[in-house]
Amino acid sequence: MSMDVFLNKVFVTGDEAKYIAEAIAGSQRGGMISGDGSFTHRASEYLEKKFDVAQVLLTHSCTAALEMAAILADIQPGDEVIMPSYTFVSSANAFVLRGGVPVFVDIRLDTMNIDEELIEAAITDRTKAIVPVHYAGAACEMDRIMELAEKYNLIVIEDAAQAIFSNYKGRPLGSIGHLGCISFHETKNIISGEGGALYINRPEMIARAEIIREKGTDRKAFLEGRVDKYTWRDIGSSYLPSDMLAAFLLAQLEHGEEITRRRVNAWKMYDQILRPSNLIQLPEYGPDNQPNGHMYFGLVPDAAKRRAFIEGMAGHGIQALSHFVPLHTSPAGQKFCRVSGSMEKTIEGASRLVRLPMYCGVEEHVERIATTAKAILAEL
């Protein structure tokens with residue numbers, strides 16, 4: 001049977017093409033179609049006001065935001081950065097590029113997030129930062145992480161790539177640590193094809209962040225009339241997105257609450273069918289944790305049964321997939337990083353985890369997907 005329900009499907013609001021056309025038309029009247037044009041400013045201001053962030057700088061990817069964060073954290077060769085191994089490569093690579101050493105800590109199987117109670121044991125005199133990764137848009141235990149950061153004078157960089165419109169104790173993810181990194185890749189809830197943002201929650205970092213993002217120059221100050229010419233001030237790179245991508249993004253952000261509501265509803269529909277079956281281990285989120293419906297996942301009994309489950313779903317035209325390969329098991333992870341303590345739960349969770357389709361519009365397929373999943377799980 002051919003695949004007819006895929007893991008992800010791009011959702012468009014209908015305003016993207018209109019806004020892109022406006023950006024192009026504006027460029028013919030003296031406006032900017034490169035980075036920091038009018039739509040870049042509008043999207044940044046939306047995010048700042050919506051999520052109570054001191055400043056938001058759009059980037060061409062979440063990877064770029066993480067690389068900027070590593071520079072702002074002043075990561076030097078040999079500095080250690082604590083993070084989970086169960087994450088995308090950019091979480092670690094951004095710091096390795098500065099000569100930093102990612103130190104991997106095990107996760108909790110109930111959320112697949114870093115185990116906050118194992119972080120303190122990983123802290124050494126070389127530790128510079130903690131990078132909590134909010135897996136599936138669900139919050140790490142940020143109160144405990146911020147307590148440790150204050151105790152040991154560490155910088156907290158939230159990898160909130162999957163977590164826009166998610167909250168922890170009523171606070172938006174990405175706005176709690178000193179810095180937050182967001183993704184607008186096409187696989188995320190709010191998209192611009194490729195794109196990201198750096199949330200700056202420490203006002204004293206803003207001026208340097210603007211320079212780093214503009215190839216190490218004070219061009220932003222020049223464009224705003226704060227200096228009469230711009231020049232090279234610091235290290236940096238070209239981290240700005242095109243204003244056309246920002247135009248696409250703004251159209252998505254303006255429908256962000258609707259998109260989030262639909263995804264959360266789809267998540268709940270899955271849960272109403274699958275959780276009572278007790279056929280798959282599903283995540284457990286407490287009342288302080290309000291995810292954004294980014295992903296519906298569960299843990300099957302073992303790796304062999306996962307293969308059988310994925311193949312069985314494909315046989316019914318439904319795409320189900322695993323996810324990250326733990327970074328500490330990769331060639332680069334073994335070369336550039338180290339582990340702190342056991343990685344037992346990371347290995348177990350990574351070998352058992354399976355994701356089901358999740359996107360705006362999946363609601364019409366959820367009953368079929370979930371009932372098919374139940375039937376296959378019952379036979380494993």
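## Strands 5 and 8

Asp159 has Cys181 of strand 8 as its bridge partner. Strand 5 (residues 155–159) and strand 8 (residues 179–183) run parallel, joined by three bridges. Two strands count as paired if DSSP finds at least two bridges between them. Helices (H or I, at least four residues) and strands (E, at least two) are DSSP runs, numbered from the N terminus.

This is a predicted model: local features need pLDDT of at least 70, side-chain atom pairs count only at pLDDT 80 or more, and totals for chains, interfaces and linings use all residues. Residues are numbered from 1 along each chain as its sequence is written, and side-chain values use heavy atoms, leaving out hydrogens and water.

Eight strands make an open sheet with mixed pairing, in the order 1-9-8-5-4-2-3-12. Strand 1 (55–59) and strand 12 (338–339) are at the edges; each has a single partner strand, so one side of each lacks a neighbour in the sheet.

Helix 4 (residues 89–96) packs on this sheet and touches strand 2 (80–84), strand 3 (101–105) and strand 5. Its direction makes about 175° with that of strand 2. Contact means heavy atoms within 4.5 Å. Axes are lines fitted to C-alpha atoms, for helices over the stretch in contact, and angles run from 0 to 180 degrees between N-to-C directions. Helix 6 (residues 142–152) lies across strand 4 (127–130) and strand 5, at about 150° to strand 5.

Another open sheet has three strands in the order 7-6-10, with antiparallel pairing. Its edge strands, strand 7 (171–172) and strand 10 (289–290), each pair on one side only. Two bridges link strand 6 (residues 167–168) to strand 7. Asn167 stands opposite Pro172 of strand 7.

## Nonpolar cores

In soluble globular proteins, nonpolar side chains tend to be buried together. A nonpolar core is a set of buried (under 20% relative accessible area, 1.4 Å probe, protein chains only) Ala, Val, Leu, Ile, Met, Phe, Trp, Tyr and Cys residues joined through side-chain atoms within 4.5 Å.

The largest such core has 46 residues. Leu47, Leu58, Ile164, Phe184 and Tyr199 have the most contacts inside it. Elements giving two or more residues include helix 1 (16–27), helix 2 (38–51) and helix 9 (243–253). Helix 9 gives the most, with six residues. A second, separate core has 36 residues, including Ala69, Ala161, Leu198 and Met343.

Notes: Buried means under 20% relative accessible area, exposed over 50%, partly exposed in between (1.4 Å probe, protein chains only).
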